[in-house]
Amino acid sequence: MTKAISVVGLHKAFGRTRALDGLDLSVTAGEVHGFLGPNGAGKSTAIRILLGLLRADSGVAELLGGDPWADAVPLHRRVAYVPGDVTLWRNLSGGEVIDLYGRLRGGFDRARRAELIERFELDPAKKGRTYSKGNRQKVALVAAFASDAELLILDEPTSGLDPLMEGVFQSCVAEARAAGRTVLLSSHILSEVESLCDRVSIIRRGRTVETGTLAELRHLTRTSISAELAGPPNGMAHLPGVHDVEVRGLKVRLQADTDKLDAVLRSLAASGVRSLIATPPTLEELFLRHYTDEADADATDNSDSDSEASVR
Amino acid sequence: MKRPPTGLAGTGALLRLALRRDRVMMPVWILVTALVVVSMPGALGSVYATAAERALAAASMNANSSVRALYGPVFSDSLGGLTAWRAGVFGAVLAAVMSLIIVVRHTREEEETGRQELLSAAMVGRRAPLTAALLAALVANTCLGLLVVGGLAGQGAPGAAALALALAGTGMLFAGAAAVAAQLTESARTAKGLTAALLGVAFVLKAAGDAGTAGGRSALTWVSPLGWVENVRAFADERWWVLLLLAAAVTAQVGAGYLLAGRRDLGMSFLPSRPGPAEGRLGTAGALAWRLQRGTLAGWSAGFLTAGAVFGGMADGTADLVGGNDRAREIIERMGGQGGLTDAFLATMAGLFGMVAALYAVSAVLRLSAEESGQRAEPLLANAVGRLRWAGGHLAVAYGGSALMLLLAGLGLGIGHGGEVGATVAATLAQLPAVWVIGALAALLHGAVPAYAAAAWAVAGSALTLGWLGPALNLPQAALDLSPFAHLPRLPGTESVSWAPLLALTALAAALTAAGLAALRRRDITA
């Protein structure tokens, strides 16, 4: 499998702020890769380095087999980019911008352009300043999807789009994948990530904390189980991978590591199961766990320094 | 509890915000302007030590049409009178530019960027933003006036007060003009351009009136607000009633601004933007740069051609007014001419066009900065567009545009003068290497230290101030030589032009541009 994007140990600091602190990212050609993380985690910085707009302090970044800084111009013929906040020239119409971007990327499909304008319900004759936020995003989206680029880099591309247009966007991404294109999608809309992405990478404080398919990520999380049993539960709390056990008479609620479910279910079955509800973790829970870990990590850091202080 | 009228709610908070945002720009501008004016008596006193010398100088200045065109007539040969003559109009122009920037910055620019929407959603009245902007301009002009009064009181309190009021009043007049322009257009850049164009027209009218007529009596001079500044006659039987003209004009402008502001929606204008084409022909970064800048260039070009024709028409008759006054000849020769006085006049005007063209060059080069900080450069450079192509397009417009403007100014001078088009075009085009050096410095600043690119304005402003006020002040040659304009041949009127400085300046401009582009290639794009 060829890599569309391969990033290893990327560092970038702005003054004293460390935006990227050893980021790894690997995107396989032909996949839709979700790029997630809380605000300020370094997603946009990473994307700007991949686009050759910023220069990395250290680490290796490879885009479509080239160096994103040194080979920026030839690489950009094969890449289309949609920023999260599209700014247009106030006296240029949307159509002019779409065509300009198309030509500057080295060609685009006129028929597809017309079709996309239709699907996104965009008025291409309006001038830059008169577009609303969502419509400015549509201008950049039409330009990107109409291009022949083999890699689409989308940085929160759907901010400001209405749910109908969100649907159009999702079908466009699906079509791009079907056409064999690669997509790097940074997004906070988890349903979008869930329905589109083959694999995701979660970054936090400039570092990759998790990467894999959604199934793999789910595997690392807990399933909540609540059951009504025929007899009293027996030693549930001592099973490996079981957490937060709550027993009220014959009713049991617990969290189980997803890869330890087998043993848990066997133990429940031993007591006789009257009813069982097992809820796999939602993507929301998955991400929130990673996002809030940051706050936890902060708390731990603080308590560490507190304890050091108290020792002194 | 007493409440302000609801239309003005939040004015105080907005004013504090404006003053806080301008906490560097405003004091620097005020101090520099005040310093230029207040240092005049000392500087002039060292050049013209005795009353007899001053009287002779005043007589020769008044006899010289090119000097009158630039500075106006001398009404009193006291040190105060000479200060008002030399620095009055210059100071008024500086106050006007400061005021128009302040007003547009806190009205239309806030709306254009969308920041005003957030502010207006809070407890902010409909008239509050305009009021706060005008008050900020008033604060700035009052400070400038007080500094001028304080610094010049030694030359005579009434004169100092009259000059200070004239400067601050001109500032407020263009604050009012900017308030109107900010309602007319949706773009802050256009609003500033419209107001600056008005200032340019005021200067050309005043210059044309004073060149043709002595004593500031021309109708053309009286049409121009800058003509009022000199006709206040500070330090020479002050004519206070002229200040009433200024006050009336300020009231009318501000009133018009409020009237228009009350009749439109947030973010909208009276010159609405029309729909554009659904499909575009733009295909390169260079074409985009041209498209973005061509309107501004057309405006500047038309202005240069017209001003050239007006000044050219005034060039005749310069010789007869002067007679055999050696002192005047000497002064004019230092101002930029060596041959006949007509030639000297044309050379002075060519120099003026050169310095103004440098301002254009800086503004055109700094488009790069605006594109970058406005986050339009980033998605553009994410296409297959090299940074050199992107920057090269804008630099080509800046360098080529200043060449076009100077060519047109030379054509205008020649046509207005009724012949010798070749000589006048050569004279204006000879300014080009110095203009390019200033533009190239802007390119270098943008490439190397993008956060301080706006310092290019200080560079251009310093060159302009040196050229405008330096020659009559006996500044050391080393100081005058800092300006690239000091090294240009005086044309027309010089028999054998030395090409060496022209080539050296062109090479310097090329080197600075190359250094700027090299730095741009190596640095991060700021967003």
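Helix H15 of chain B, which comprises residues 285-315, contains 31 residues and extends 43 Å from its first C-alpha to its last, a span close to the 45 Å expected at 1.5 Å a residue. The model from which these values were computed is a predicted one.

The domain assignment divides chain B into domain 1, covering residues 16-270, and domain 2, covering residues 283-527. Between the C-alpha centres of domain 1 of chain B and domain 2 of chain B the distance is 24 Å.

Where the two chains meet, 26 residues of chain B are in contact with 31 residues of chain A. On the side of chain B that touches chain A, the elements giving two or more residues are H15 and helix H20 (377-381) of chain B, and the largest share, three residues, is supplied by H20(B). Classified by residue type, this side of chain B consists of twelve nonpolar, nine polar and five charged residues.

A further site examined in chain B is that of B:Trp228, which lies in helix H13 (residues 225-231) of chain B. B:Trp228 is classed as buried because 26 C-beta neighbours are found inside 10 Å, the cut-off for this class being 20 or more. When residues up to four places away in sequence are not counted, B:Trp228 touches B:Val242, B:Leu245 and B:Leu246.

Conventions: Residues numbered from 1 in each chain as written. Chains lettered and ligands numbered in written order. Predicted model: local features only at pLDDT ≥ 70, side-chain atom pairs only at ≥ 80, totals over all residues. Domains from an automatic or database assignment. Helix = DSSP H or I, 4+ residues; strand = E, 2+ residues; numbered from the N terminus. Expected span 1.5 Å × (residues − 1). Contact = placed C-beta atoms within 7 Å. Nonpolar A, V, L, I, M, F, W, Y, C, P; charged D, E, K, R; others polar. Buried ≥ 20, exposed ≤ 12 C-beta atoms within 10 Å, placed from the backbone.
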